[in-house]
Amino acid sequence: MAASTRAFVLRHTRLRPVPGLEEIRLQLADEVLPLWRAVELETNDPDPALPYWAFAWAGGLAICRYLRDHREIAAGRRVFDLASGSGLCAIAALNAGAAEATGADIDAFAAAAIDLNARANGCRLAVVRRDVLDEGPPDVDLILAGDCWYEASLAARVLPWLRRARDRGIDVLVGDPGRRYLPVDELVELASYQVRTTTELEDLELKQGRVYSLRPAVENT
Ligand SMILES: C[S@@+](CC[C@H](N)C(=O)[O-])C[C@H]1O[C@@H](n2cnc3c(N)ncnc32)[C@H](O)[C@@H]1O
């Protein structure tokens with residue numbers, strides 16, 4: 001990982017507890033637009049991805065609350081955090097006793113943030129930066145997908161990938177505050193939490209984040 005990417009994350013964020021999950025500390029930003037502009041300047045990319053990695057998103061926050069309430073789902077298991085952003089869900093899985101965890105995100109700054117955040121929380125976390133949606137699901141026991149349904153093109157790739165994981169016997173947890181492309185017909189709600197985010201990202205500071213499993217495949221008879 002480029003030292004400059006790590007330095008950028010450290011320069012533009014501050015390590016602090018996650019609201020409602022004070023046992024986890026992340027490198028977080030206060031404002032999205034100035035940071036987005038800084039990414040544009042740093043990368044020379046006129047249209048860079050939003051700096052998702054500098055925030056804890058409502059869907060991920062809900063998954064973390066669920067893992068804290070139901071440690072048995074992660075304890076002793078191999079966990080893969082898809083669209084990891086800051087690494088939030090992977091860190092929560094390790095806190096719940098996961099045997100190992102991987103954070104996967106295509107954004108170079110996210111990869112740096114995941115690594116920095118894991119270290120700040122005393123965790124060992126593997127980081128994957130390639131686009132795993134082009135591959136088969138990984139050899140793990142549990143996949144976490146926090147806040148992945150905000151864009152049609154991403155949602156259209158995530159759903160079949162998660163279905164394949166489920167069909168291989170991997171447990172899947174989806175966390176989401178009701179984004180536009182959430183495939184509700186394919187999901188079974190497990191829990192709902194009021195989570196604190198920021199009006200930098202959302203219309204309201206308190207959002208209802210729901211946690212789902214994937215509905216079992218319909219058996220052909
Ligand atoms: C809204 S953020 C959610 C981050 C984190 N799960 C949370 O809840 O705080 C979505 C993340 O998905 C990542 N992403 C987008 N496309 C991806 C892909 N094909 N594979 C992995 N991550 C991807 C983005 O870079 C971003 O960090």
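## Surface and charge

Accessible areas come from the Shrake-Rupley method with a 1.4 Å probe, and for residues only the protein chains shown count as cover. On this basis the accessible surface of the chain amounts to about 10,500 Å², and 47% of that surface belongs to carbon and sulfur atoms. The model is a predicted one, in which local features need pLDDT of at least 70, side-chain atom pairs count only at pLDDT 80 or more, and totals for chains, interfaces and linings use all residues. Residues are numbered from 1 along each chain as its sequence is written, and side-chain values use heavy atoms, with hydrogens and water left out.

The chain carries 26 positive and 33 negative charges, whose mean positions are 3 Å apart. Lys and Arg count here as positive and Asp and Glu as negative, while His and the chain ends are not counted; each charge is placed at NZ of Lys, CZ of Arg, CG of Asp or CD of Glu.

## Overall fold

The chain contains six helices and nine strands, where helices (H or I, at least four residues) and strands (E, at least two) are DSSP runs numbered from the N terminus. Its radius of gyration is 16 Å, close to the 17 Å that the globule rule gives for 221 residues, so the chain is as compact as a globular protein of that length. The radius is taken over C-alpha atoms, and the globule rule is 2.2 Å times the number of residues to the power 0.38. Along the principal axes, the C-alpha trace spans about 55 × 35 × 35 Å.

Of the 221 residues, 52% count as buried (buried means under 20% relative accessible area, exposed over 50%, and partly exposed in between, with a 1.4 Å probe and protein chains only). Among contacts (heavy atoms within 4.5 Å) between residues at least 6 apart in sequence, 66% join residues at least 24 apart.

Leaving out residues up to four places away in sequence, Ala 101 touches Val 79, Ala 90, Leu 94, Arg 124, Leu 125 and Ala 126.

Beyond its neighbours within four places in sequence, Ala 104 is in contact with Phe 80, Asp 81, Leu 82, Ala 83, Ser 84 and Val 128.

## Positive phi angles in loops

Asn 44, which is not a glycine, has a positive phi of about 60°. This residue is found in the loop between helix 2 (32-43) and helix 3 (58-69) and is exposed, at 70% relative accessibility. Asn 44 is 24 Å from Ala 104, C-alpha to C-alpha, and 60 residues from it in sequence.

Asp 147 likewise is not a glycine and has a positive phi of about 60°. It is found in the loop between strand 6 (142-146) and helix 6 (152-167). Asp 147 is buried, with a relative accessible area of 6%.

## Aromatic pairs

Rings of Phe, Tyr and Trp (its six-membered ring) pair if their centres lie within 6.5 Å; planes under 30 degrees apart count as stacked, over 60 as edge-to-face and the rest as tilted. The count by this rule is six aromatic pairs. The rings of Tyr 52 and Trp 57 have centres 5.5 Å apart and planes at 50°, so this pair is tilted. Tyr 52 is partly exposed at 25% relative accessibility, whereas Trp 57 is buried at 16%. Phe 8, Trp 53 and Phe 109 form one aromatic cluster.
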